[in-house]
Amino acid sequence: GTALVLGAAGLVIPAPYVLEAPGPTFNTIGEIGDSPLITIDGEQTYPTAGELALTTVFVSGGPSGAVNMGEVVASWLNPEDAVLPVDFVYPPGTTRGEIQEGNAAAMTPSQESAVAAALDELEIPFTEELSVAGIMEDAPAEGILETGDILLSVDGTDVTGVESLRESLNESEGAPARITVRRDGTEQTLEVTPTLGENGTYQMGAYLSIDFTFPFDVAIALENVGGASAGMMFALGIIDKLTPGELTQGRNFAGTGTIDADGQVGPIGGIEQKMVGAAAAGAEFFLAPKANCDDVAGNIPEGLEVVSVETLEQALTAVETLAAGNSADGLARCTDGS
């Protein structure tokens, strides 16, 4: 009798694990509540059909609220769930409020990056202002650039975005670069000697903040789903709304992936649960970041066609190809981790 009682007690004692389960999907070209998930004001939009759904993961345990051993065992027995040690997911001492703040902080720039990537793909001009958010220790920029400096030009070439800055620094080939900044309303030209980074590009060692100015307003009504992992699906939804014709041709797509302003798609967490959630919600096709292929291969739910993408352009091509009823054979797939 005692062993049974102790066993039952063990099931309700808080356990140091985080549980991940398939969460709901949200159609970026549909509605949430009574309003469109994406609203575009000040530019012509077009009707859409089908779904370009972002996917989510239910996370319980850790700072979000403790789980007990009974819940952990149930998740271990459920092949759709993942059980992870809490320290594997959150730094020790992380609070629930910090998680919510972090998610909200990641969401806003990811939405802006999604808008920028979509407009860039559609060749709609916008402006991008780069400013210094911080300086790395012992970096070339230390003692020369200051937090708040707005970068205007490098060796006479205007800084129009991250890519143009990178190109100008690489062209310097390590020679001192003349960098014009606006500091406290006044233009100054400073000299910084870039150093070659581990990735083979020349760098100043400055953290940058990007301020976009778009020619019209794009609002995304999704306050309770945090993080940056919806970026690619937001970008596809924006493109669909801004272009004539129905991108999906009425088919149901889902996917996940971060996106930067240059349209590069990055990896996310919980992709196995996201694929299960997508299949349960009726998705036919799933767009996965190539960097997540190791987690995708061998874990694809039955009936779900998964393609891997590295850029927004590849994602757009994949949707157009599959929506038209063409085979996925010519598209990249997550097989054998590739």
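Helix α6 is largely enclosed by the rest of the structure, because 12 of its 12 residues are buried. The model is predicted, and in it the protein has nine helices and 22 strands. Of the 338 residues of the protein, 42% count as buried.

**Helix α6**

- The buried residues of α6 are the glycines Gly231 and Gly237, together with Met232, Met233, Phe234, Ala235, Leu236, Ile238, Ile239, Asp240, Lys241 and Leu242.
- From the first C-alpha to the last, the 12 residues of α6 reach 17 Å, which is close to the 16 Å expected at 1.5 Å a residue.

- Ser229 is found in the loop between β17 (217-220) and α6 (231-242).
- Ser229 has a relative accessible area of 18% and is therefore buried, the cut-off being under 20%.
- A polar contact of 3.1 Å joins the side chain of Ser229 to the side chain of Lys274.
- Leaving aside residues up to four places away in sequence, Ser229 touches Thr256, Gly257, Thr258, Ile268 and Lys274.

**Residues with positive phi**

- Most residues other than glycine have a negative phi.
- Asp138, a residue other than glycine, has a positive phi near 60 degrees.
- The loop between β9 (127-135) and β10 (150-154) holds Asp138.
- Asp138 counts as exposed because its relative accessibility is 66%, and the cut-off for exposed is over 50%.
- Gln249, also a residue other than glycine, has a positive phi near 50 degrees.
- Gln249 is placed in the loop between α6 and β18 (252-255).

**Second largest pocket**

- The second largest pocket holds about 420 Å³ of space.
- This pocket is lined by 18 residues, of which Gln203, Met204, Gly205, Ala206 and Leu208 are the closest to its centre.
- Two or more lining residues come from each of α5 (162-172), β15 (202-203) and β16 (206-213).
- Helix α5 supplies the largest share of the lining of this pocket, with four residues.

**Whole-protein contacts and surface**

- Among contacts between residues at least 6 apart in sequence, 74% join residues at least 24 apart.
- The protein exposes about 16,800 Å², and carbon and sulfur atoms supply 48% of that area.

Note on methods. Residues are numbered from 1 along each chain as its sequence is written. This is a predicted model: local features need pLDDT of at least 70, side-chain atom pairs count only at pLDDT 80 or more; totals for chains, interfaces and linings use all residues. Side-chain values use heavy atoms; hydrogens and water are left out. Buried means under 20% relative accessible area, exposed over 50%, partly exposed in between (1.4 Å probe, protein chains only). A polar contact is a pair of N or O atoms within 3.5 Å; within protein, one must be able to donate a hydrogen and the other to accept it, and residues adjacent in sequence count only if both atoms are side-chain atoms. Contact means heavy atoms within 4.5 Å. The expected span of a helix is 1.5 Å times one less than its number of residues. Accessible areas come from the Shrake-Rupley method with a 1.4 Å probe; for residues, only the protein chains shown count as cover. On a 1 Å grid over the protein atoms alone, a cavity is a set of points where a 1.4 Å probe fits but cannot get out, and a pocket is an open set with protein on both sides within 12 Å along at least five of seven lines; lining residues have an atom within 4 Å of a point. Grid points are joined across faces, edges and corners, and a volume is the space filled by probe spheres set on the points.
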